[in-house]
Amino acid sequence: MGYIVEAEETGDSMELEDEDWRYLLHQANSYSQNPEVGRLEGQYATHPPEVISDSASQDLAETLSRLVPDLPAESKSVLDPPPVPGAAASTLHLQNYFGGERKAIVEEFIRLCEQGALRVRRTP
């Protein structure tokens, strides 16, 4: 399952897998300088609204545009192994998820966000 995200004004749309959607919002939260964008991750990651307002879409576009230069040339693992065997946790690097060909997902989502309000619905 996933989501269809559509620009209300133009009808342009894209499909996102659940993971793509969650990771995009998480990255927006990580790169945001606007506290409103940070709240979007918690609100929208598992229960997106039917419509994301024009202002929220513009904020997402601006924030994710700062992410693009940091994306690796190739897709890599998002998890680094623990630094010491038996250590508690791995480090998560979501930029790696959007490296290589997946960079196009971020760029397409930014393009949709720049068009204004977005309609979001679950895929069947």
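Rings of Phe, Tyr and Trp, the last taken by its six-membered ring, count as a pair if their centres lie within 6.5 Å. With that rule in hand, here are some close-up views of this predicted model.

**View 1. Aromatic rings that pair up.** By this rule the model holds four aromatic pairs. In one of them, the ring centres of tyrosine 3 and tryptophan 21 are 5.2 Å apart and the planes meet at 35°, so this pair is tilted. Because tyrosine 3 belongs to strand 1 and tryptophan 21 to helix 1, the pair ties together parts that are 18 residues apart in sequence. Are these two residues buried or exposed? Tyrosine 3 is buried, and tryptophan 21 is buried too.

**View 2. Tryptophan 21 meets phenylalanine 109.** Here the ring centres of tryptophan 21 and phenylalanine 109 lie 6.2 Å apart with the planes at 85°, so the pair is edge-to-face. The link spans distant parts of the chain, since tryptophan 21 sits in helix 1 and phenylalanine 109 in helix 5, 88 residues apart. Both tryptophan 21 and phenylalanine 109 are buried.

**View 3. A charge over a ring.** Which residue lies over the face of tyrosine 3? Take a look at arginine 122, placed over that face at 4.5 Å from the ring centre.

**View 4. The buried side of helix 5.** Helix 5 covers residues 103-113, and its buried residues are Ile105, Val106, Phe109, Ile110, Leu112 and Cys113. These residues cover an arc of only 160° around the axis, which means that they share the same side of helix 5. What do they pack against? Their partners are strand 1 (2-7), strand 2 (13-17), helix 1 (18-31), helix 3 (54-67) and strand 6 (118-122).

View 5. Four strands make an open sheet in the order 2-1-6-3, with antiparallel pairing. Strand 2 and strand 3 (51-52) are at the edges and have a single partner strand each, so one side of each is left without a neighbour in the sheet. Strands of a sheet pair through backbone hydrogen bonds, in either a parallel or an antiparallel way. For strand 1 and strand 6, which run antiparallel, five bridges make the join. Find valine 5, and you will see valine 120 of strand 6 standing opposite.

**View 6. Helix 1 across the strands.** Helix 1 lies across strand 1, strand 2, strand 3 and strand 6. Relative to strand 2, helix 1 runs at about 95°.

Key
Residues are numbered from 1 along each chain as its sequence is written. This is a predicted model: local features need pLDDT of at least 70, side-chain atom pairs count only at pLDDT 80 or more; totals for chains, interfaces and linings use all residues. Side-chain values use heavy atoms; hydrogens and water are left out. Buried means under 20% relative accessible area, exposed over 50%, partly exposed in between (1.4 Å probe, protein chains only). Helices (H or I, at least four residues) and strands (E, at least two) are DSSP runs, numbered from the N terminus. The arc is that of the directions from the helix axis to the C-beta atoms. Contact means heavy atoms within 4.5 Å. Rings of Phe, Tyr and Trp (its six-membered ring) pair if their centres lie within 6.5 Å; planes under 30 degrees apart count as stacked, over 60 as edge-to-face and the rest as tilted. A charge sits over a ring if NZ of Lys or CZ of Arg is within 6 Å of the ring centre and within 35 degrees of the ring normal. Two strands pair if DSSP finds at least two bridges between them. Axes are lines fitted to C-alpha atoms, for helices over the stretch in contact, and angles run from 0 to 180 degrees between N-to-C directions.
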